[in-house]
Amino acid sequence: MRLMHCLGTTAFVSVLTLWFSSELSAQDIFFTRSDYPAGDGPHSVFPVDLNEDGYDDLVTANFLSDNVSVLLGNGDGTFQTSIEYGAGDAPISTSSADFTGDSNKDLVVANQDSGTVSILPGNGDGSFQNPISYDVGDSPIFVFAIDLDDDGCHDLITANSVSDDVSILIGNGDGPFKTRFGMRLATIQVPFFRSISTETGLEI
Ligand SMILES: [Ca+2]
Ligand SMILES: [Ca+2]
Ligand SMILES: [Ca+2]
Ligand SMILES: [Ca+2]
């Protein structure tokens, strides 16, 4: 059996492949490690099948080079050379969903120093178009895509580390080339050590 763990710590993405026998003992466990170059200062790595070939790909948020790296997976634990796409200032977290309604997976990036998220529309083959930015709270350090209002269109949540709140962007899924494409921003203050419930019933 084989498990795969991915860890980005410097300007490389390290892929650790875990091998073990069916009758597990400590002596049976070993890893093989491969390092793949990424942009400068990757702060997070996110596995997702971007080109829908059935193999997980990797996306890193590169804090120092203000871009993301996309490494397409070969399906055997190896990855192709990274391709970089611009984002905002100090990208730190990524997620993926189809925000534009064309069935191609898009990327979203939380940019800590610019207080924005960048949406990179996907072309369906693992390549991406220029980013579209949306303001959120101060110093977002995490972004997550989810359909909050159950309308079939993906929305976004960011955790904002300086303004001590979360921002919710409600997507309309119309696509970037239609005039109504956009996201409606709502910011919710989060009391320290408490959770709140939104009108949708989601606990944050
Ligand atoms: Ca893939
Ligand atoms: Ca920067
Ligand atoms: Ca899309
Ligand atoms: Ca929605």
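## A strand pairing

Pro91 has Asn111 as its bridge partner in S9. That contact belongs to an antiparallel pairing of S8 with strand S9 (residues 106-111), which runs over six bridges. Strands here are DSSP runs of E, at least two residues long, and helices are runs of H or I, at least four long, numbered from the N terminus. Two strands pair if DSSP finds at least two bridges between them.

This is a predicted model, in which local features need pLDDT of at least 70, side-chain atom pairs count only at pLDDT 80 or more, and totals for chains, interfaces and linings use all residues. Residues are numbered from 1 along each chain as its sequence is written, while chains are lettered from A and ligands numbered from 1 in the order in which they are written.

## Confidence

The average pLDDT of the chain is 82. A score of at least 70 is reached by 77% of the residues. The pLDDT is the predictor's confidence in each residue, from 0 to 100.

Two stretches need care. Residues 1-9 have a pLDDT below 50, and the model gives this stretch 24 contacts beyond near neighbours in sequence. Residues 176-182 also fall below 50, with 10 contacts beyond near neighbours in sequence. A contact means two residues whose C-beta atoms, placed from the backbone, lie within 7 Å.

## Overall make-up

The chain has 15 strands and zero helices. Of its 204 residues, 39% count as buried. A residue is buried if 20 or more other C-beta atoms lie within 10 Å of its own, exposed if 12 or fewer, and partly exposed in between, with C-beta atoms placed from the backbone.

Contacts also reach along the sequence. Take those between residues at least 6 apart in sequence: 38% join residues at least 24 apart.

## Sheet S4 to S7

Strands S4, S5, S6 and S7 form an open sheet in the order S4-S5-S6-S7, with antiparallel pairing. The edges are strand S4 (42-48) and strand S7 (83-86). Each has a single partner strand, so one side of each is left without a neighbour in the sheet. Neighbouring strands are turned by 25 degrees against each other on average, direction ignored. Axes are lines fitted to C-alpha atoms, for helices over the stretch in contact, and angles run from 0 to 180 degrees between N-to-C directions.

Inside this sheet, strand S5 (residues 57-62) and strand S6 (residues 67-71) run antiparallel and are joined by five bridges. Leu58 finds its bridge partner in S6 at Leu71.

## Sheet S8 to S11

A further open sheet has four strands in the order S8-S9-S10-S11, and the pairing is antiparallel. Strand S8 (91-97) and strand S11 (132-135) are the edge strands, each pairing on one side only. The twist averages 25 degrees from one strand to the next.

## The nonpolar core

The largest nonpolar core has 38 residues. Such a core is a set of buried Ala, Val, Leu, Ile, Met, Phe, Trp, Tyr and Cys residues joined through C-beta atoms within 7 Å. Residues with the most contacts inside it are Val68, Val70, Leu107, Val108, Val109, Val117 and Leu156. S9 gives the most to this core, with four residues.

Val117 shows how the chain comes together here. Leaving aside neighbours within four places in sequence, Val117 contacts Val108, Val109, Ala110, Asn111, Tyr134, Val136, Pro140, Val143, Leu156 and Thr158.

Asp98 is partly exposed because 19 other C-beta atoms lie within 10 Å. Beyond four places in sequence, Asp98 contacts Ser103, Asn104, Lys105, Asp106 and His154. The C-alpha atoms of Asp98 and Val108 are separated by 9.9 Å, with the residues 10 apart along the chain. Ser103 has 9 C-beta neighbours inside 10 Å, so this residue counts as exposed. Its phi is near 75 degrees, a positive value in a residue other than glycine.

Ser139 sits in the loop between S11 and strand S12 (140-146). Phi of Ser139 is also positive, near 65 degrees, and again the residue is not glycine. Buried or exposed: which is Ser139? With 20 C-beta neighbours inside 10 Å, Ser139 counts as buried.

## Ser34 in strand S3

Ser34 belongs to strand S3 (residues 30-37). Ser34 is partly exposed, with 13 other C-beta atoms within 10 Å. Not counting residues up to four places away in sequence, Ser34 touches Val15 and Thr78. From C-alpha to C-alpha, Ser34 and Thr17 are 8.5 Å apart, at a sequence separation of 17 residues.
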